[in-house]
Amino acid sequence: MGMKTPSEYLWSRRSLLLVCFVVAAILIFQAIRIWVADYRVHSDRIDQMERGAALEPENASAWDRLGRARETDLVNPDPAGAVGDFQKAVARVPLSATYWMDLAGAYESIGNIPRAREAFSRARAAYPASAVVAWSYGNFLLRRDDNAVQADPSLAMPAVSQAWHKTQDADVLLNQVLPATQDAYFQAIDFMAANGQPAGALVIWERLLTLGKPVELRRSFPLLEFLIQSDRAEEASRVWREALAAAGLPHNEPTNQSLISNGDFARDFLNGGLDWRWSFPFGASIGFDASPPSSGGRSLRLDFSGGANLDLAEPREFVPVEPSRNYHFHATLKTEGITTESGIFFSIGDPNHGAAVVSTENLTGSHSWMPVDVGYTTAPVTHFLLIQLRRSPSRLFENKLSGTAWIGDVSLTPSPAPSQSK
C-alpha cells in the first residue's frame, strides 16, 4: 500500500473533523431539546407542558406531570385529558404503581369506576407491599361503599383508619366497614392500640367474642399490653378472663383470694397478658419441681450456670390492683449454693407511675424452704403492680452467679379494708 499524498491526508483530516462537528451538533441539539422539554414540562402553564411532553414523548414522568396539572387546574380542569396523559405514562412504564394510582384516580373522577378498580389492581400488582397503594385502594373502596375488605383482609387497616378518622365511632367500623372475622377485628384492635383508643379497642374485642369461635391466647396479648400501659386494671382483668375462656384455658380463682395469676405454677408460663413472663436470660434456666411442703401446685426452679453477673428481673407478672389499698405479698423460697453477696429477692412496684418499690430479703447461700413476706400500700394513682424476681449485678471481682433457687406459693392479697388516702 502506497503512502497517502498530502491532499489525501488533508481530505482524511477534514472528513474526520466534519464527522466530529456533525456528532457534536447532534448531541448539542439533543441536549437543547431535552433541556427545553424539561423546562416546559416544569412550567406552570398547561400549553407549555404539552409542548414539553411532545418533545420527549417517551418520558413517562412528563406525561404523568401533565396529567396531574390538568386535574388540579382550578380554572379549566380537564379530567378526561388527564386520563389520556396517565394512559401514556403507564404505557411507557407499566410497572409504576404511582402512575397506575394516578390513572385510577382520574378514571374515578370521570365516573369510570370499573376502569378505576382495574387500575388500582394494576398498582397493587406492581407494588404489592406498598402501604401507600393499600391505603389509596382502601379509601377508594370506602368512597364506593364496597366492602372488599371481606375479600382482601390486607385492606382492613387502611379501611379502618379512614373510617375512624371520619367517624370516631367503633360501631361504624363493626357494622359498615369490617367483615365479621377474627383477623379483621384483631387488625382493628391493633389500630386502636396504636392510636391510643382503649374504649374503641374494647368495643371491638367484645364484638370479636360474639363470633363464638376459639381465640388463640397470644392474639389477645397486644390488647392486654395496651390496657396495662393505659392503666385500665378493671378492663384488663375482664379481658384476661375472657381471653382464657375463649382459648379454652381454665381460670380458677385462688382460694386465698390472691390476685397473682398462676401463683402455684400449676401450668407453664403463658409469657404474656396477666401471667408470668420469662425471656430466657443468659446464665439462667427454669424448670418445675415438686411443690413446697403443705402447698399445692408446683415449685419453679431456677438454675444459675455461673457464667454471668446476672442483672435479673424475671420471672415477672403484672397484677391489677386498687388505688390506696394495703396488700400483702407472700412467697416461699429455697436456695442452694447461691454465690456472691447479691442474691435473689422479690420486688414490688408500680410500673406506670414510678412509685416506691419494696423488696423482700436478699437470699444468698443455702436455705431450706422459708416464707418471705412484705406489705405494700398502693398510691392513689396505682392500678397495677409489677411483681419481679430480682438479682442485682454483684460488685465483687468473683461476681458470676451460680446455684439454684426454688419458688412456690406466690400470692398477693388485699387487706380487708381500704387504707387512708395519702
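Because the model is predicted, local features need pLDDT of at least 70 and side-chain atom pairs count only at pLDDT 80 or more, whereas totals for chains, interfaces and linings use all residues. Residues are numbered from 1 along each chain as its sequence is written, and side-chain values use heavy atoms, with hydrogens and water left out.

Two packed helices are described by the angle between their axes and the distance between the axes. Helix H3 (residues 60-72) and helix H4 (residues 79-92) pack at an angle of about 160°, with their axes 8 Å apart; the axes are lines fitted to C-alpha atoms over the stretch in contact, and angles run from 0 to 180 degrees between N-to-C directions. H3 and H4 are therefore roughly antiparallel to each other, a term that applies to angles over 145 degrees. The residues of the contact of H3 with H4 divide into six nonpolar, two polar and seven charged.

Helix H3 also packs against H5, at an angle of about 30° and with the axes 11 Å apart, which makes H3 roughly parallel to H5, as angles under 35 degrees count as roughly parallel. The contact is made by Ala60, Ser61, Asp64, Arg68 and Glu71 of H3 and by Thr98, Tyr99, Asp102, Gly105 and Ala106 of H5.

Asp102, found in helix H5 (residues 97-109), is buried, with a relative accessible area of 16%, where buried means under 20% relative accessible area with a 1.4 Å probe and protein chains only. Its side chain is joined to that of Arg68 by a polar contact of 3.0 Å, that is, a pair of N or O atoms within 3.5 Å, of which one must be able to donate a hydrogen and the other to accept it. Leaving aside neighbours within four places in sequence, Asp102 is in contact with Asp64, Arg68, Glu71 and Phe86.

Most residues other than glycine have a negative phi, and most peptide bonds are trans. In the loop between helix H13 (233-246) and strand E1 (284-290), Asn262 has a positive phi of about 60° although it is not a glycine, and Asn262 counts as buried at 9% relative accessibility. Phe265, in the loop between H13 and E1, has a positive phi near 55° and counts as buried at 1% relative accessibility. A cis peptide bond, with omega about 5°, joins Glu314 and Pro315, and Pro315 lies in strand E3 (residues 312-320).

Terms used:
Helices (H or I, at least four residues) and strands (E, at least two) are DSSP runs, numbered from the N terminus. Angles under 35 degrees count as roughly parallel, over 145 as roughly antiparallel, 65 to 115 as roughly perpendicular and the rest as oblique. Ala, Val, Leu, Ile, Met, Phe, Trp, Tyr, Cys and Pro count as nonpolar, Asp, Glu, Lys and Arg as charged, and the others, Gly among them, as polar. Buried means under 20% relative accessible area, exposed over 50%, partly exposed in between (1.4 Å probe, protein chains only). Contact means heavy atoms within 4.5 Å.
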